[in-house]
Amino acid sequence: MINFRYHLISIIAIFLALGIGVVMGSTVIDRAIVDGLKNRIDTAEKNSIERKVENEQLKNTLQGITSQDTVLAAHTVKGSLTNQTLFVYTVGDVPDNVKVETRELLAVAGARLGSEVNFKQDFVQSDKQKIVKDLRSIPSVKSLIGDEKNLDNEVSKTLAEALSIRAGGPNDFAIPVDEVLAVFDKYKAFSEQEQAGSFDPIQQVSYVVLVNRSNLSNKATNEFVTHLNSKFPTSIGLVGSEKDLPTRSNAIKGFGDQIKFFSLVDNAEAPSGRSTLLLAHAGTITGVNKVYGVSDEVSSPAPELTSS
């Protein structure tokens, strides 16, 4: 007869074997999991290093392409704006390199820079009733504006006329330029750089406007920019990245019927976009207004080059 001691030893042996099996099994499984995770980490680290190297190579390539585009842009616009006096307007936070390279391209194109007018964002977004009232208090300015109803357009027309006269253009309305510019100064409307003296003889005056595209999401800014039209030929370059809103297409749509008064380029942040802007402006001066760039709202990427 099997006694209780034998049963006790058997039970202990069974549980001991079970415990040893569990420990050994979990150790094998844990090792397999650890080895698998280690292999994945090693692969991820290798891929990460490869991506970093690839990204650095792409960055260097992009810098090279940008430098190449900058040089080619100058060759493209050479002599395209000879005997023209251009004023450059900027609206919003336009990067310094864009402004500097635009001025350099204008010089290569043969244009004379009247000045660079940087509109203050606080003024752009403000109600223009007070400044228009002060401008209209000057009789000759009232005659210039006539029946114009849009306040932003009134401001644009008056400033464009005053700057043109200061550069040596005809003063058909006998506008007191210093008095008009003093009104703008009162409202801290803009700052001005590289003001040129009057040109003799006066060359044809026109305007190139550089706009930070993201600022167009503000209704007042959009209204101001879309009404920067006057009797002088005007072209607009939008500056921004792919992540900026409004998108390039929506920014163009935001001009509505006003688009007919301008040539517009939707990628003026790029060297090729800036050269396109100046070539488009040469067309604007002759009365041809078109939309160029890289979005689906443009008529073509850039004006066609002639062999002349």
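1. The side chain of Asp 266 reaches the backbone nitrogen of Val 294 at 2.9 Å. That is within the cut-off for a polar contact (a pair of N or O atoms within 3.5 Å; within protein, one must be able to donate a hydrogen and the other to accept it, and residues adjacent in sequence count only if both atoms are side-chain atoms).

2. On the basis of the work: this is a predicted model, where local features need pLDDT of at least 70 and side-chain atom pairs count only at pLDDT 80 or more, while totals for chains, interfaces and linings use all residues. Residues are numbered from 1 along each chain as its sequence is written, and side-chain values use heavy atoms, with hydrogens and water left out.

3. Asp 266 sits in the loop between strand E6 (263-265) and helix H10 (271-285). Helices (H or I, at least four residues) and strands (E, at least two) are DSSP runs, numbered from the N terminus. Asp 266 is buried, at a relative accessible area of 0%. Buried means under 20% relative accessible area, exposed over 50%, partly exposed in between (1.4 Å probe, protein chains only).

4. Leaving out residues up to four places away in sequence, Asp 266 touches Leu 238, Arg 248, Ile 252, Tyr 292, Gly 293, Val 294, Ser 295 and Val 298. Contact here means heavy atoms within 4.5 Å. Val 239 is 27 residues from Asp 266 in sequence, yet their C-alpha atoms are 7.1 Å apart.

5. Now the rings. The count comes to nine aromatic pairs. Rings of Phe, Tyr and Trp (its six-membered ring) pair if their centres lie within 6.5 Å; planes under 30 degrees apart count as stacked, over 60 as edge-to-face and the rest as tilted. Tyr 89 and Phe 119 have ring centres 5.0 Å apart and planes at 80°, so this pair is edge-to-face. Tyr 89 lies in strand E1 (residues 84-91) and Phe 119 in strand E2 (residues 112-119), so the pair ties together parts 30 residues apart in sequence. Tyr 89 is buried at 2% relative accessibility, and Phe 119 is buried at 6%.

6. Phe 184 and Phe 190 form a tilted pair, 6.0 Å centre to centre with 50° between the planes. Phe 184 is buried at 1% relative accessibility; Phe 190 is buried at 17%. Ring pairs link these two into a cluster whose members include Phe 87, Tyr 207 and Phe 232.

7. Overall, the protein has ten helices and seven strands. Of its 308 residues, 41% count as buried.
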